[in-house]
Amino acid sequence: MLQIRDILWGFLYIACAAAIQVQVTPTHREISVGESKFFLCEVVGDAKDIDWFAPNGEKILPNNPNVQVNRNDETTSTLTIYHADVDDAGIYKCVARSGDKEAQATVQVKIFQKITFKNVPSPQEFNEGDDADIICDVVGSPVPFILWKHKGVRIQSNKDVRYNVMDNGHLLIRGIKKTDEGAYNCEARVMETGEINFKMINVVVNVLPTIRARQSEVNATADMGVSILLACDADGFPEPAVTWAYNNVILESGDKYSLNDDGSELVIKDVIKVDEGDYTCIARNKAGEMSQEVSLNVFVQAKITYMNNQTATEFDDEVTLTCEASGDPTPSISWSFQNRMFSEGEQSHDRNIVVRSHARVSSLLLKNVDFTYAGQYLCTASNSIGQDNQPVYLEVRYAPKILGVVAVYTWEGNPANISCEVEAHPGASVTWFRDGLQVPSVNTTNVKIYSKQSNSYLEVSPESQSDFGSYNCTATNAMGTESKEFLLIQAEVPSSPEIQQVEPFSSSAVVEFDEPDSFGGVPIIKYLVEWRLDGHGWTGKEYDATEDLTRITIVGLTPDTIYEVKMSAVNGKGESESSAAVKFKTGPIREPSAPKLEAMVQNQGNALKVNWIKQDDGGSPIKHYLVRYKAKHVSDWKPEIRMPHSSEYVVLGGLDWNTEYEVRVVAVNQKGKSEPGILSFRTATEPTTMPGASGSGLSTGAIVGILIVVFFALLVAVDVTCYFLNKCGLLMCIAVNFCGKAGPGAKSKDMEEGKANFTKDESKEPIVEVRTEEEPTQNQEGVGPAEPNETTPLTEPEKKTKDDVKTEANNTAVEVKTVPNEAPQTNGNESKA
């Protein structure tokens with residue numbers, strides 16, 4: 001059975017036998033990018049040529065690799081598109097020719113492309129403040145529509161002018177900020193197909209570093225072996241790396257420099273002057289770099305670098321000493337010589353010493369050189385960092401100069417030294433002459449020469465008047481010779497002193513006198529004072545002469561008696577004539593003069609030793625001394641202390657610390673009391689530790705605590721002993737009152753009677769014990785009644801109350817206890833609890 005299609009084609013062939021017909025199957029098609037498809041061109045009729053034409057109208061040649069044409073047979077041809085691309089889309093045409101006959105048919109090829117993200121990098125980094133172009137290249141067919149989202153919110157340019165979605169789909173953010181950082185969603189949509197796709201892009205905003213120096217200017221001192229720290233703090237994103245540069249050279253850790261882990265701190269070791277300058281702290285990250293300068297100022301302590309010693313000759317016109325110093329700040333330079341200071345612009349009063357300075361050099365100009373200019377000059381260079389001192393020496397060569405006392409006094413038989421003091425440079429030789437002849441000579445034995453450093457001593461032991469007179473000292477050196485005459489003079493006895501007045505007292509007198517007008521050439525050794533009653537012999541006493549001695553006190557005089565006194569002076573030569581005698585009358589017997597007081601604080605610091613010096617006793621022997629003292633801030637005096645007449649001091653102890661006290665001492669004779677000698681003093685501040693105690697020693701409190709513990713231990717031991725041996729003490733009291741045990745009062749009547757017999761025996765010498773009740777016993781201060789002892793028989797002790805015992809104790813001031821000396825003795829305190 002024939003198919004319908006074959007029938008139709010048969011009719012068509014018959015109908016068109018005279019014409020050519022072309023048909024392309026299929027007539028249109030959609031192809032995805034990358035797919036391969038073919039199209040069939042069928043010709044009805046006798047066609048000689050079948051050709052395919054591309055959408056651009058050009059004939060498709062057989063050698064085209066992507067779009068190929070193949071002639072299958074006489075009536076069909078195939079168009080094959082391999083790996084379709086968007087550019088392959090369009091209308092393709094199939095043309096059949098036979099002679100002058102032509103027929104054609106077309107097919108529309110649509111290339112369909114899914115959304116494809118071609119260039120969407122992530123992350124994308126930008127610098128803060130830049131116009132950020134966020135790339136999102138999307139291809140698709142039809143062309144997709146791009147929208148952007150940030151933090152889930154669609155970006156709309158009409159609401160924020162900083163944002164703009166460009167024609168190419170990129171997102172432009174003008175002046176991007178750190179807050180713009182984060183994830184952005186690039187979303188592509190095809191309206192015709194409803195296709196949608198998106199990509200997440202991480203946007204990073206890098207922040208240019210900021211940098212701040214902790215100190216923009218740092219000061220250091222050179223040549224001190226010190227290290228200095230330069231530091232800066234940097235911030236930015238990403239975290240910037242910090243480096244340091246000096247003179248455009250990057251610094252690295254080593255012997256000279258040290259950097260911490262993040263590079264923010266630079267340590268410069270062993271700072272010297274050449275380290276001074278500007279150091280650059282550089283912070284770098286992806287956004288760029290920033291720098292900050294730190295200035296290091298290196299100061300140098302003043303140091304003297306040059307000194308010159310000089311040598312001059314006396315009477316030279318001038319000599320210059322030079323001192324050069326270094327340092328930063330520039331040091332000032334001054335000079336000193338023998339406690340005299342000289343600085344720039346100053347000069348001596350005689351204008352012979354002038355200081356001139358320029359920059360770091362100072363010169364000391366000495367004019368009209370004198371031998372006194374010789375010696376050590378001190379150059380001092382100082383600045384704000386410190387100072388340096390260096391000595392410079394000036395040597396002055398000069399002829400000898402002889403010094404010393406010209407006149408020397410002595411007497412026959414007494415050796416005397418004539419001193420010839422020579423100053424010279426270089427050193428001089430010294431020669432002695434007498435009457436033109438060098439001494440000592442071979443014929444002289446009483447003349448000797450001694451030399452010591454720059455002095456020459458001529459020792460002369462005069463044997464006769466001829467040894468006195470002129471002696472010549474001659475000194476010689478390379479610069480010249482100097483001579484000087486010295487006189488050895490016969491000493492005389494002094495003139496007599498002159499008594500000005502006598503101030504009498506009851507048993508003493510003070511003699512005031514003037515020194516002799518002439519000492520005789522040698523010092524006064526002593527004074528001889530003589531006194532007597534009318535018609536009696538002289539009594540004398542020698543007093544050593546001291547400087548400014550003009551008052552002498554004579555003692556041991558009789559009251560209400562007329563005396564006369566005279567004086568003479570004694571030197572090495574002998575005694576002067578006596579002064580004119582002066583009469584005076586001693587006073588009647590009276591109260592003694594107030595003693596003179598002296599005080600010395602003892603080692604404890606709160607104890608005082610008060611010494612007194614007896615003055616005039618008023619013509620009657622001192623019987624005793626009365627001592628009173630008190631703290632000045634209180635009104636009551638401490639109890640008066642009586643000291644024997646022979647005593648010379650008293651020690652006051654246990655005084656309050658850091659307190660001012662007043663002490664009064666009165667001398668007493670048979671006539672009465674003297675005026676008080678008064679002394680004020682302040683005790684020391686209380687020490688924080690025991691004097692002499694080491695850091696590991698016991699404190700005062702610890703020692704007291706130990707003593708208390710030992711004391712109570714002894715009391716317990718004694719009480720236990722008393723209980724077991726004599727049935728008394730605190731334990732016995734407890735046993736009697738609480739346990740009902742019989743006490744010592746239960747002894748037999750025979751013992752009591754025996755004691756009575758002993759007491760009545762008058763042949764036995766009694767022992768008397770006196771105990772005052774001013775000092776309370778333990779029972780009086782304790783909690784129980786006092787226990788009776790053997791001298792108080794126990795009679796109904798239970799009837800006595802505490803009040804009875806206390807009343808009895810208070811009414812009894814003194815207790816007298818008589819015990820035969822042959823009776824067994826017991827401790828009076830053994831019965832006390």
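**A walk through the predicted model**

The protein exposes about 49,100 Å², and carbon and sulfur atoms supply 51% of that area; accessible areas come from the Shrake-Rupley method with a 1.4 Å probe, and for residues only the protein chains shown count as cover. This is a predicted model, in which local features need pLDDT of at least 70 and side-chain atom pairs count only at pLDDT 80 or more, while totals for chains, interfaces and linings use all residues. Residues are numbered from 1 along each chain as its sequence is written, and side-chain values use heavy atoms, with hydrogens and water left out.

The secondary structure comes to 6 helices and 57 strands. Both are DSSP runs numbered from the N terminus: helices are H or I with at least four residues, strands E with at least two. Of the 833 residues, 35% count as buried, meaning under 20% relative accessible area (1.4 Å probe, protein chains only). Among contacts (heavy atoms within 4.5 Å) between residues at least 6 apart in sequence, 61% join residues at least 24 apart.

Strand 4, residues 49-53, contains D51. D51 counts as buried because its relative accessible area is 15%. Leaving aside residues up to four places away in sequence, D51 touches K59, K93, C94, V95 and R97. With R97 there is a polar contact between the two side chains, at 3.2 Å. A polar contact is a pair of N or O atoms within 3.5 Å; within protein, one must be able to donate a hydrogen and the other to accept it, and residues adjacent in sequence count only if both atoms are side-chain atoms.

Helix 2, residues 700-726, holds F712.

Technical notes. Buried < 20%, exposed > 50% of the residue type's maximum accessible area, 1.4 Å probe, protein only.
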